[in-house]
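Reader: I have a structure on my screen and would like to know what stands behind the words used for it. Could you take me through it, term by term?

Author: Gladly; here it is.

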2 protein chains.
Amino acid sequence: MSEFDLINQYFKAAAVKRDDVVLGIGDDCALLSPPPGKQLAVSTDTLISGVHFPETTKAEDIGYKSLAVNLSDLAAMGAEPAWVSLAISLPELDHAWLENFMSGFTELAQRYSVCLIGGDTTRGPLSITISVTGFVSPEAVLKRSSAKAGDAVFVTGTLGDARLGLQAILNKSMIDKNLAFCIKRLNRPTANILAGQLLGVFSDIAAIDISDGLLSDLGHICTSSETGAIINLSSLPLSNELSHYYHQKPDWQKVLNAGDDYELCFCCSQQQVSALLEKFTKHGIPITQIGKITEVKGIQCLLEDGAKLDITQDGYNHFAT
Amino acid sequence: MSEFDLINQYFKAAAVKRDDVVLGIGDDCALLSPPPGKQLAVSTDTLISGVHFPETTKAEDIGYKSLAVNLSDLAAMGAEPAWVSLAISLPELDHAWLENFMSGFTELAQRYSVCLIGGDTTRGPLSITISVTGFVSPEAVLKRSSAKAGDAVFVTGTLGDARLGLQAILNKSMIDKNLAFCIKRLNRPTANILAGQLLGVFSDIAAIDISDGLLSDLGHICTSSETGAIINLSSLPLSNELSHYYHQKPDWQKVLNAGDDYELCFCCSQQQVSALLEKFTKHGIPITQIGKITEVKGIQCLLEDGAKLDITQDGYNHFAT
C-alpha cells in the first residue's frame, strides 16, 4: 500500500466537514477560509513513544491524547478549535494500530468539530506531531502576561491524577490500588475548551494549561507577568481517588509537579471572582481558587498553618542537564 | 538548559518580524491576523534522518531543506509564504548542531519573510516536522485537478539532479565525478515560490511540486484531473552536469523517478503557452514544455523516434510493501 492510499484511507475518513475548509486532504496544501474579524491561535506539539506516553499505551488512547494536548493549548488561549494537521512516524505499516489510533483521534475531533486538513506519514520510530488552529476574538484572548498582583489564582478540575496514573502503570505493585480513574486521566486528558471560552468573556484573564505541573506552569504566568504567587496547599483540588491513595496526606512534591492532567490555571481580579464562579457553576465546570498573585517574585507554597513548604520544581524537561 | 531556554534562544532569534503575527513564540499559542479576502494554504512535512536525508548531511543543510520542501508545497498552490511552525526531535542537546540547523533554516525564512511562530523540541531520534501557512487569492489557486486533455505540460528548472547527487554521496566510487552541483541540488532544493505566483495570474493552471519523481507526481495531476499524459523524453530539461555524467544518454528510469529537485510540474492550455513563456522569460525562470495531457489515461513516455519506453514507477514510497 502506498503512502497516498494510507492518507486517503485513514485521514480522509477522519475529516470532519467544515464550511471553512475549501480544499481538504489530497492536494499539495489544504485551502482554508478564516472567519473575518477573528485571530488565529496556532499550537504545535510532538508526542514520542516512551517519552510522552508509556510504550504500552493503546493506539486509541495515543490518538485521543495527541489531539487533546494540542486542543488544551487552544483552550488556554480562549480559542475555538477549527483545523488540525497530523504528522505521524510509524516503525511499520500496521493497519489495526492506525485504525485504532484514528478512532481515538476522531472521537475527540468530532466532539469539537475539528477538521483534519492534512498531514504526513513516514517510516520511523513512533512519534506524532500535531498542529492545531483555532479562532479567537482579539478581545477574548487569554495571555500568560495578564496577571496582576492581587489577582486570584484558580485551577479547573483536580490536580495530580495523571501522574499517579502513570505511577500505577509503571509500578506493578500498585496494580490493586484501584487507580483506573487516574490512568484514564493520563490517557484521556481533558481539553478545557469550554472553560477557555467562558474565561474569554471576562477581560484581561491570564491563563495557561498545566502540562508540566502547576509549579512550572504558574511559574510561566508569573515570569511573563513579572509577578510572583502564593499557593495555599490545603485549597488544591484533589480527586477522591488521589486523596484516598495518599490517605489524605498528599505528596505535595508530586502533586505540584504533575503535568498531563491538562487542567487550566488562570488568574482574575478579585472583582471578577463572583461573576466567574457563577458562570462556571452554571456550566457545571469545577474551578477552585488556590492562591493569589503577589508583587514579590517566586512562588510560595503554604501549608494550612501558614508554614512554607519547600518544593523543588521537577516538571518534565526534555533536555534537563 | 531547559526546553524553554532552548526555544527562547534559537527559535525567537529566528523569527522574522511580520505585522500579521500578533503574538509569536512564548505563550500557549501564537496569535495571527490573516489578511482579509485571502485563503490560507497549509502544508505539513516530516523529514527523518536516514530516510529523507543522508545521516551525514550537515545541520545547516537539514535546516534549509526542511523549510524548502514545505515552501515547495506552497509554491505548488500559488501561495505566498507567511508563517511556519517547527517541531524537532534531537537525540541530545547539541548547541553547535542547533545553531547550524537554525542558520540554514533562517537563511531561507528571511529570503521569503516567513515568520517562525512556534514549535516544540523533544528528545528522540532526529526528525523534523514543519507546518507552513501561506496566503493565496481564491482565483489564483493552482489545483492538481485542473488539467484538461490537450493542455501543455511544463516543468521548471532541470530534473534528476538531486537523485544523482544522492547517488554521489552514497557511492564513494563516484567521488571524482564533479557532482557538487547535484549534491547542492539535493541539500538545498529550490522553493519555486515566484513561479507559483506567476502561474496564479493565469486561470485554471494545474500544478504540483515534484517531490516523488515526475512520473509519480504528474500521475497525481492525471488522477485528480481524470486524464492521462504523454511525455517526450527528448524534451526533458537536463542540467549540463547530469548530461555529462550520463554521456548524453540519460538513465530515464532514474530521471523520471527522481524526486528531491522540488521543481514544479504544471499544465496550461495551448492558448496560454506564449503569454506564459513570455512572463517566465521576463523573470528569468527557465520552464520547458515536456509533453501534453491526453484523454487516454496513463502516462506514456516517448523516445525521440516516437517509440514508447516502458518506465516503472519507483518514486519514493515510505510504506511500499
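Author: Let's begin with domains: their bounds come from an automatic or database domain assignment. For chain A that assignment gives domain 1 (3-138) and domain 2 (142-307). Please keep in mind that this is a predicted model.

Reader: What separates the centres of domain 1 and domain 2 of chain A, and how many residues does each give to the contact?

Author: Taken over C-alpha atoms, the two centres lie 26 Å apart. Domain 1 of chain A brings 20 residues to the contact, and domain 2 of chain A brings 20 residues. On the side of domain 1 that touches domain 2, H2 and E4 of chain A each supply at least two residues. H2(A) gives the most there, with 12 residues. By class, that side of domain 1 has 13 nonpolar, three polar and four charged residues.

Reader: What makes A:Ile193 buried or exposed?

Author: The cut-off for buried is 20 or more other C-beta atoms within 10 Å. A:Ile193 has 20 C-beta neighbours inside 10 Å, so A:Ile193 counts as buried. You will find this residue in helix H6 (residues 193-200) of chain A. Leaving aside neighbours within four places in sequence, A:Ile193 is in contact with A:Leu71, A:Leu74, A:Ala75, A:Pro81 and A:Tyr112.

Reader: Why are B:Asp204 and B:Asp260 put in the classes they have?

Author: Both are settled by counting. B:Asp204 has 17 other C-beta atoms within 10 Å. A residue with 12 or fewer would be exposed and one with 20 or more buried, so a count in between is called partly exposed. That is the class of B:Asp204. B:Asp260 has 24 other C-beta atoms within 10 Å, and is therefore buried.

Reader: What makes E8(A) and E10(A) a strand pair?

Author: Pairing needs at least two bridges between the strands. Four bridges join E8(A) to strand E10 (residues 264-268) of chain A, and the two run antiparallel. A:Ala206 stands opposite A:Cys267 in E10(A).

Reader: Which residues have the most contacts inside the largest nonpolar core?

Author: They are A:Cys265, A:Phe266 and B:Cys265, in a core of 198 residues. H2(A) supplies the largest share of this core, 10 residues. Not counting residues up to four places away in sequence, A:Phe266 touches A:Leu142, A:Phe154, A:Leu199, A:Ile205, A:Ala206 and A:Ala207.

Reader: How many residues from each chain take part in the contact between the chains?

Author: There are 55 residues from chain A and 55 residues from chain B. E3(A) gives the most to the side of chain A that touches chain B, with nine residues. That side has 26 nonpolar, 19 polar and 10 charged residues.

Reader: What makes E3(A) and strand E2 of chain B partners?

Author: Again, at least two bridges are needed. Three bridges join E3(A) to strand E2 (residues 30-32) of chain B, in the antiparallel sense. A:Leu40 stands opposite B:Leu32 in E2(B).

Reader: Why are E1 of chain A and E5 of chain B said to stand at the edges of their sheet?

Author: Six strands form this open sheet, in the order E1(A)-E2(A)-E3(B)-E6(B)-E4(B)-E5(B), with mixed pairing. Strand E1 (21-23) of chain A and strand E5 (115-123) of chain B each have a single partner strand, so one side of each is left without a neighbour in the sheet. Neighbouring strands of this sheet are turned by 20° against each other on average, direction ignored. E1(A) pairs with E2(A) over two bridges, antiparallel, and A:Leu23 stands opposite A:Leu31 there.

How values were computed: Residues are numbered from 1 along each chain as its sequence is written. Chains are lettered from A and ligands numbered from 1 in the order in which they are written. This is a predicted model: local features need pLDDT of at least 70, side-chain atom pairs count only at pLDDT 80 or more; totals for chains, interfaces and linings use all residues. Two residues are in contact if their C-beta atoms, placed from the backbone, lie within 7 Å. Ala, Val, Leu, Ile, Met, Phe, Trp, Tyr, Cys and Pro count as nonpolar, Asp, Glu, Lys and Arg as charged, and the others, Gly among them, as polar. A nonpolar core is a set of buried Ala, Val, Leu, Ile, Met, Phe, Trp, Tyr and Cys residues joined through C-beta atoms within 7 Å. Axes are lines fitted to C-alpha atoms, for helices over the stretch in contact, and angles run from 0 to 180 degrees between N-to-C directions.
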